[in-house]
Structures are given as C-alpha cells and as structure tokens.
Number of protein chains: 2
Amino acid sequence: MFFSKRDLQFQLFEVLDSESLTKYEYFQDHNRESFDMVLDAAESIAVKMMHPLLIEMDRNEPQLIDGKIRIHDGMKPIIKKMGEDGWVNAAFRYDEGGQQLPVTILNAAGFIFQASNYSASIFSFMSGGSANLIRTFGSQELIDTFTPNMYSGKWQGTMALTEPDAGSSLSDISTSAEPTEKEGVFKIKGQKIYISAGDHDACENVIHLMLAKIKGGPIGAKGISLFVVPQKRIEGSQLIDNDVLTAGIFHKMGYKGAPIAHLSIGSNDGAIGYLVGEPHKGLSYMFQLMNEARVSVGLNATAIGTAAYYASLAYAKERPQGRKIAEKDPSKPQTSIINHADVKRMLLFQKSVVEGSLSLLLFCSKLSDLIHIETGEAKERASLLLDLLTPIAKSFPSEMCCLSTSAAVQILGGAGYTTDFPVEQYYREARIHPIHEGTTGIHGLDLLGRKITIHNGKAAQIYFEEVSKTIKEASQVTEIQLFSEKLQKYLGKAQQATGHLLGLAGKGEIEKYLADATLYLEMFGIITIAWQWLNQALIAQQNLATAHEADRDFYQGKLMTLRYYYEYELVKVDSLVKRLQSTDNVTIEMQSGWF
Amino acid sequence: MFFSKRDLQFQLFEVLDSESLTKYEYFQDHNRESFDMVLDAAESIAVKMMHPLLIEMDRNEPQLIDGKIRIHDGMKPIIKKMGEDGWVNAAFRYDEGGQQLPVTILNAAGFIFQASNYSASIFSFMSGGSANLIRTFGSQELIDTFTPNMYSGKWQGTMALTEPDAGSSLSDISTSAEPTEKEGVFKIKGQKIYISAGDHDACENVIHLMLAKIKGGPIGAKGISLFVVPQKRIEGSQLIDNDVLTAGIFHKMGYKGAPIAHLSIGSNDGAIGYLVGEPHKGLSYMFQLMNEARVSVGLNATAIGTAAYYASLAYAKERPQGRKIAEKDPSKPQTSIINHADVKRMLLFQKSVVEGSLSLLLFCSKLSDLIHIETGEAKERASLLLDLLTPIAKSFPSEMCCLSTSAAVQILGGAGYTTDFPVEQYYREARIHPIHEGTTGIHGLDLLGRKITIHNGKAAQIYFEEVSKTIKEASQVTEIQLFSEKLQKYLGKAQQATGHLLGLAGKGEIEKYLADATLYLEMFGIITIAWQWLNQALIAQQNLATAHEADRDFYQGKLMTLRYYYEYELVKVDSLVKRLQSTDNVTIEMQSGWF
C-alpha cells in the first residue's frame, strides 16, 4: 500500500481531534462516520483508478499534437469521477453546491490521491483552487458563468502566473491587459509558461486565472491584476475560440503525467480576459490561492515520500541479504535487510520525515478551518500562525522528501535504480516540489524577511507559545520528558539565532540579515517537525497503555521515531545555528568572476 | 564547457606536482608536454565524439532485440577510437603494448571523458579494468588469448559479480564452477545481474571476469574463485558460442546509454570458464579491480557533478531575475541571479564538493602510482593510506554529487526540471553512484570496521599524520591560519569519536560499534575534503601574489571556496559527532513490526 490508513486516522482523530470541528455550525452535519466515508471514497478512487496508471502515465507522457495536448486516456474517467463526486468544491458552502467539508478532511483525502499517483491528482486540485478564487473575489456573473462547469470537471481551471522573464520575480510579468469598451472586459496579450493542466483533451474548456498588468497602471507588483482568461469564451450557448494558443509543452524529469503548457495569449489580438475584483489587486488575490497551493505542495511532496517509504519498507522486509553484524557463519541463511541497523536508520529517516510532515500539514489544514469558522482572537491567532507556518509547510516536506525518496532508492540498491520498481519514479517526482509555488530560497526570504517580523513579531510569538505549550505538556510525561527538555534547548538556540539576525536587520544590514535565509528556514523546519513529533509522541504515550496489540506496535513505532528524529535530525540545528551566527559573509563577498 | 581545464591543471601540476613522477624510471619518458598532450587528446575526443551524444544516448536507451543488446550507433566509432588510441591499456608496461602513463594522468583524462558523457565513458574503462585483472593474475596463455583484443576495443571486458540473491553480500554467490578434464578449465553455471557493458553490438566478443564457486570448495567468501568466461570462446581461429545468454536488460533512471545486462550462464551446460590464478582466491583478486573501480566511481560522480556545476554556473550568469536585496525600485532592470547570495551559496556548495572531491581522487591516483614505483616504507605508507581513503574517495563524491546536482537543478528553477536543459539528466545519472561498487553503507562498515583498525591502526595513524602536516604548513600562512586551527579542532573531534567507537568494539559491543558506520564515513569524508581544501588553499595563497589577472580570479575563487566549505560544511561534523557519541541505540532497538 502507498499510505497508512492507521497513521492518517491517528493524525486526524487522535492528534488533531478533527471531530471537534463538527461542534461548529458550519460543519454540524458531519461526524466521524461521514469523515471516514470521505476517506474511504478517496481510497477507493485512488486504489482502483489512479494507482493503476502511476507507471503508465510516467512512460506515456502528454504530447502536443496539432496545437492540442493529448493526455493519457485513463485520465478522462478520473476527471469525470472527481467532478461528479464533488471533490472539486467539497469544502465550499451548500449554496454553492459544496459539502461544507473541513479542509482538514479534504486535504487528508487529497493526500491519498497524491500518494497513489501525483500527476493524476493535480487536475481537480487545480480546478478547485482556481474556482475558489473566482467565487471569493469575482462578480456573481463570473461565478455563474465559469464555476459550475469547473466543479463538474467539464472545464479545467489553472493558475497562470509565470512568464519566460518572470518566475521568482512575479512583479516583472509583462502580460498586458487593455481595457475594452465593456467594463471589466480586457484584451490580454502575453506569454505564460509552466502552466499545470494548461491544456488537455479531457476537458471542453480551460479557465485560466491569469495575472496581467493593465496598461498605464503602476509598475511592479502594485500594477498586477487578476483575470479570468478562458481558452474558449462563452457567447450565448456557444464556446468561441479566445486566442489562447498552446505554444508548447514541457517535458520533464518526473511528474510526467501532468501536462505543463506554454501558452501564447492574444497573439492574434483576440484574447479576452475578465477582471476579477478590483484592478491592481491581483497579486493579493492570487496569494489566497498561492497560500493554499503552498500547503498543498508540501502535502504532494509528503504523499510521494510516503509512497516511497512504504515501497522501500515492503522491500526491506522481504529482501534477504547479508547476516546480522555479529553472525560470522556463512552457512547460516541470510537475514532480511530490515534487520540491519543502517537500513532501519534509512527507514526511520523516511518515517520521521513523512509522518512529521503530514502532522504539520494537517495541523495547517485545521488552522484553515479554524480561520473559516472562528472569530475574534482565535481567528487571528490561527491566521497569524498559518501565515508563519506556510513557508515551512511548503519547504520542509519538499526538500526533505527529495532526501527521503533517495533513501528509499538506496534501500532497494541496484533494484531501486531500475524502472522495475517505482522508487526511482518517486525520486524523480519529488524533485519538482522545492521549485514550484516559490523556490525554497523564496520561502526562506518569506519566513525570515516577512513572517517573523509581521505585526511586530506577533506570529512568531504565537508560534513560540504553541511550541512551548507542547513542551510543557510533554515535560509532565516521564517517558518523553527528556525530549521536551531537548526541544526547549533547541528552541532557545533558534530564538538566539533569530535575535542575532534581527539585530542585523535593525542595523540596516539587510543583505547580511537575509543572506542565509534558506538555512534559517531549514533550522526552523527541523524544529517545527521536532515539535510535531513531540506532540505525536504525547498522544502515542497516552494511548499506549490501553491499546490492543497491533496498536501497541503502532505507538511504539511513533515513540521510536521520536527518538530517531531527536538523535539524528534535531542535532543538525547545532551546525545551522553556528553558521547563522557567523560573521563570515562569504556568499555576499564572493564575486561572479571568481567562480 | 563541462569541466575546467584550468582547475585540472591546478590540481595535477600545482597541488600534486605530477611532473615529479617523471623522475622515476618507469615514467622517465614522460614530461609536462606529454601529459598535456594526453589531456588535450582526451578533451578532443570528449568534445567532438562523446559530448554530442550525451542527450541522444539518454533518450535512446539500449534495447535487447533477439537476444542481443543494441546500443547507440554513435558508440561504435568511440569504442574503436578508444582502442586504437591506446586508452584501454595506457597505464600498462611498454612490453604489454601500454604507454607507462601515470594513473594520475590517465584518471584526469578519464575525468574529462566522464564529464562529457558518463555512459559513453564506461566501455573502455570496463575493458581496461578487467584486462588488468587477467594480466596481473592470469596465466600467460590467458593473457595472450584475451587481452590484445580487449586493448584494441575489439572485445569488451566486464566484471561479473552480482547475482539475484547476492549483491552487498558477495559471499553468497551461487554461480558454480565444475572442473573438466582439462586443468584450469571449468563448466560454469549461474545468473549474473547488473553487468555493465555485459553485452552489446559494438564488439565482437565480451570477456567476463566472473566470480564463481568451485564445487566442493569452502563455503562463503573463502570458496570464491575468479574465471574468465567469454561470451564466445576461442577454438583455433574460430569464435564459438559459449552459452552465455543475455537474459535481460535493465532499464534505469539514468546512466541510460550504458547497457546493463542480466546474464544466464551455462543454461544449456555449455559455458566454459578459465580459472584465473589459484582456486578460492577470486575475491582477493577481484578486490584489486574493485579498489580501482571504487576510486573510479568517485571520479564518475565528481565528473557528473562538475558538468552540472558548469551548466548551472553558465545559467546563473545569464539569467536575469529579481533585484539585489536592498534594491526596492521595480523600474530598475533585473539582475543576473548569480548576484543573489543564495544562488552564490548553491554555486559555492557545488564548487566545494566537486573540486574538493577531484582533489582527493587525483591524490588517490597519485598514491596508486607511488605504490607502483616506490619501495619500502614509502610504498607501504602509500598503500595503507590508499586503503583507508578508498571508501571515502568512493562515497563522499557519490553521496555529495547527488546533492550538488540537485543544487544545479535548483539554480535553474523550473527550467532545471525540464528536459530542455541537461541538469535533470545529471541529477538522474548521479544517483547510481552511492549504489554500485558497494553501497555507502558497505563502505561505512569497510572504513570503521576494517580500515581504521588494520595493522593496529597504522593506516589511520598515517592519515592523521598527513592531515596534520597540511595543518602545520597552513598554520604558517597568515591568511589561512584560521582554517588550519579549525581543521585541527575538528580533527580532534573526529579522533574523539573514533576513540569512543573503538571503545565499544573493545568491549565486544560490535553491533553498537558499527550501527552508525555510515555517519562515521560521512564525518570522515567531510574532514578529508576539508583537508583537501586547506591544501588547495595553501597553493592558491602561495601563487596568488605573482599571478596574472585571470589567475588571480581563479585563486580568489579557491580561497573563497575554502571559506565556504569551512563555514557551511565542516560545521556539520558537530552534529555528526554528537550523534556518534550518543548512547541511544534507537536503530538497533527498533523492531521490524513497529514500522
């Protein structure tokens, strides 16, 4: 199996107490049974429809033929099913056709889809995210015109941001929007690249949520507006070609089943876009989707890492090779490699990364739900904490699942490098995540340069309070007290490093302050996951005494992984903190000509 | 360009003083000019023949058709050229048709081939290594029968070790050898997998250097013998089918241009093998080739990492994106990404890994030469030091070039993930190296469990003496004195960790002693490369004052990379040492059922 149902239940219902969400009016029709039904339904689609295509979709990439991208035929029933069963708008209100499902549960279901076949999972996710932008910021006319077919899976939604000359530096986009006689209707002209599901033959129409600059507006980020730019526009009951050409398709190392398009918009002056919300506010609108998408990218990476972990775990249990270190008799039978300490180390590494990440990501999902349903201070706290955690929730899983899928390959040895096993594919697929939805470097700058300091550091203060709360609880449980002390110590180190860096900012040394933002993000990520592990261990320790046998094994595994993580991963903060507090500015002083 | 000629010259002639080898009688016909000619000849083949096929060979993998592996047609002239120009046996004696070229220079040439197209480089390397085994341990008859056609490129050589049930645990091979009436001639029966260049259509015959067990011999490693098992055996002037069938071909994540075969030997009872040397000594013979091959694997990884580094460096210099951190004006033009500290960090990381690794690998190559030409204590010291360094020289580059090629991908961002640029291919190709020729885990056990302790720790003692010598020299140069102090401190930490682990061994706690051998290897690797950087910096600092302008930039780059490495990489030893000295045996205590 490519994920653990037991772990998902542990995270959702034991650690996060997701059932408590049903006490709120918005979620009152739900209960544990309905949540389980949702997860079972997801598992059924994942197992029966998505997973069987995992390898095939990798080997038979989408192709651009006569201006249209052709995807794997097996995607068509999946996209249809996802629409029909209401997965695209499951979290939306009843009056919008939604099911008022908590994001926590929807993301857990998404995790199952992603673990089964990442490429197959993105189509309805893209539609959901972009439809959500229209319904939140668009006019009723836009909502009525576009969203129903996006919900049903008939039309594909996308987010169209990146351009050939504007990737990390979004403010430099040059796609232009020229007003027409009709209010809210613009002529769009430009190039967009790396557009996921930007065109394919399993939908009737593609609805791009596109950033462009209205001519004559402010330069830079303040001049960016958001438009709905459909591939075909709607005139009466007709779909009319809207001059959005698929100029190319990108072939990639992995994530091959998903069609990634290069779009040429308005090359014949015929592309029409509909303004969403007010002019020049596009970037702030888009950030709603980007923040959701960033948590989703973390989840994607975690899902791929999870599938690789279970593939390597199954192999390690079955593959005999070598003998226990103290066994010198070559006539004795070989032992399964899972009995070698070094293989267990690589499995524990994977387990600590993927279950630690999943814990953080579902916690972030629950914060989204709380922001939606809470009010006042509770809402504000959840909102600030999610803001702070977003760069970590995106980047830690993305970076670490490159390494954890690598460990999966290593456990299989030569077999892992061949296409006879799926781990090499997981290794290739994991590598996109530190890149898209903002590179790790961008998220480092976001965390250290913005999130740590916003609202006079209030988000950071809430974070430290929350971590300290867990530390305090754990300090009262004998078996894990030691780990609460360790986390307290490392939290102190992180605070000290933060103080050092903010000191540089205070002196106006902005370049020095931010030069190692990526390392700061790494440090913060390691500590955040250590917090998640302490929290998981608290629950595991609590429930261990009364658990039946299989569950005892499960909880023991959690407690051992806590130990692994603190012994092997948390200690890396020592080295990071040493560097972060160093005064050698080698990366600033290095000159281009010296390379 | 995919490598730096300037850096290769620096390493060979400024750091290692390879010219000094020509003072020895064996190398007396060589001089700086002849070395340069060899390197130029390698560059010419690499640039004109190998590099143009880099992408093509990846996209058009070898295929097994009607029992024969078909490789890319472009390989045929390359294999012919490599044979004709004497690359296979260049290091061998004149009377063997060789050129008595130092291994140092031959490996430097090999590095150029590998950086241009790793898959294309392996054919003649495999032939050279296996021919070397025959000439060292085989009878004159075997030498005369097989090696000339291997030297000329007409026949392919291989090393055939791994079996479906015996990879890391070589002592468990089950391929059998049954004596025939003729002395030294055996009937061979078994399966071999993952045989590089194990079959292809660019050669007339394939000569396998194969491990098998003579029936009735000792069990385990002590019963392994070495055989020449040709694909076609020679009877008179005829090539007769020898019942070595190509049962399959492995398709892989990368390294796709090289045909990796599954061989079925003697399935019709018709496979003949010729014993090399004495019975039951096969494993010790094979270790000659394996030790050479391990240094070569390190070099392969470094070469791929080097090509990726230069690809990402070129991109970083050309790609405009974003503005300097303190520049807030969006109307200003974008800057090249090489001006961002975080991009420079990723470039410095790559530079530190690939140039540090190359330095170590050429140092090891020079040790090979010294072992060959020196006598007495000098020979013994070189031999022990090379023994100790081999697991590090294999593993550090292999592991780190997975990360450095990843940094190359990251610098290119979305573009790096597409097949429009070669970095994704380098990322895939790098991943084989921590696996083949002994996994990293195996080398950890080799270093800590064997090399550190052999001859009462004499190899380790020589290592510490050599590193201390460099530290002492550097301590007398003001500009780098600080780094000599740092290395001294970390060397002390490594010695302390070693003492702790050997203490466990002394108490008979063998499992605890070796549980973290992989981490010990990592620590030892980081320190060893820090030593190489200190040594490079010594020379760079020395030569800086009198250098012309371009060379000043080159030396400045070396000194900055020293700083980078000590600031960002060497500090990782702190975390490793903390774990290595911990008493929490979590990876031993973890149970299979708890995962």
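Colleague: How many residues does the contact take from chain B and from chain A?

Modeller: In this predicted model, in which local features need pLDDT of at least 70 and side-chain atom pairs count only at pLDDT 80 or more, totals for chains, interfaces and linings use all residues, and side-chain values use heavy atoms, with hydrogens and water left out. Residues are numbered from 1 along each chain as its sequence is written, while chains are lettered from A and ligands numbered from 1 in the order in which they are written. Contact means heavy atoms within 4.5 Å, and the contact between the two chains takes 95 residues from chain B and 95 residues from chain A.

Colleague: What area is buried between chain B and chain A?

Modeller: Buried area is the accessible area (1.4 Å probe) that two parts lose on being put together, summed over both. Between chain B and chain A this area is about 8300 Å², and carbon and sulfur atoms give 59% of it. Of the area that chain B buries against chain A, B:Tyr417, B:Trp594 and B:Phe595 supply 11%, more than any other three residues.

Colleague: Which domains does the assignment give for chain A?

Modeller: Domain bounds come from an automatic or database domain assignment, which for chain A gives domain 1 (5-151), domain 2 (157-278) and domain 3 (446-582). The C-alpha centres of domain 1 and domain 3 of chain A lie 31 Å apart, and 6 residues of domain 1 of chain A are in contact with 9 residues of domain 3 of chain A. The area buried between domain 1 and domain 3 of chain A is about 630 Å², with 58% given by carbon and sulfur atoms.

Colleague: At what angle do helix 9 and helix 10 of chain B pack?

Modeller: Helices (H or I, at least four residues) and strands (E, at least two) are DSSP runs, numbered from the N terminus; axes are lines fitted to C-alpha atoms, for helices over the stretch in contact, and angles run from 0 to 180 degrees between N-to-C directions. Helix 9 (residues 341-373) and helix 10 (residues 376-412) of chain B pack at an angle of about 155 degrees, with their axes 8 Å apart. That makes helix 9 of chain B roughly antiparallel to helix 10 of chain B, given that angles under 35 degrees count as roughly parallel, over 145 as roughly antiparallel, 65 to 115 as roughly perpendicular and the rest as oblique.

Colleague: In what kind of crossing does helix 9 of chain B pass helix 10 of chain B?

Modeller: A crossing is left-handed if the near helix is turned anticlockwise from the far one by less than a right angle, and right-handed if clockwise; helix 9 of chain B passes helix 10 of chain B in a left-handed crossing. The residues of this contact divide into 27 nonpolar, 6 polar and 1 charged, where Ala, Val, Leu, Ile, Met, Phe, Trp, Tyr, Cys and Pro count as nonpolar, Asp, Glu, Lys and Arg as charged, and the others, Gly among them, as polar.

Colleague: How do helix 6 and helix 8 of chain A pack?

Modeller: Helix 6 (residues 118-137) and helix 8 (residues 282-318) of chain A pack at an angle of about 160 degrees, with their axes 10 Å apart. That makes helix 6 of chain A roughly antiparallel to helix 8 of chain A, and helix 6 of chain A passes helix 8 of chain A in a right-handed crossing. By class, their contact has 9 nonpolar, 7 polar and 1 charged residues.
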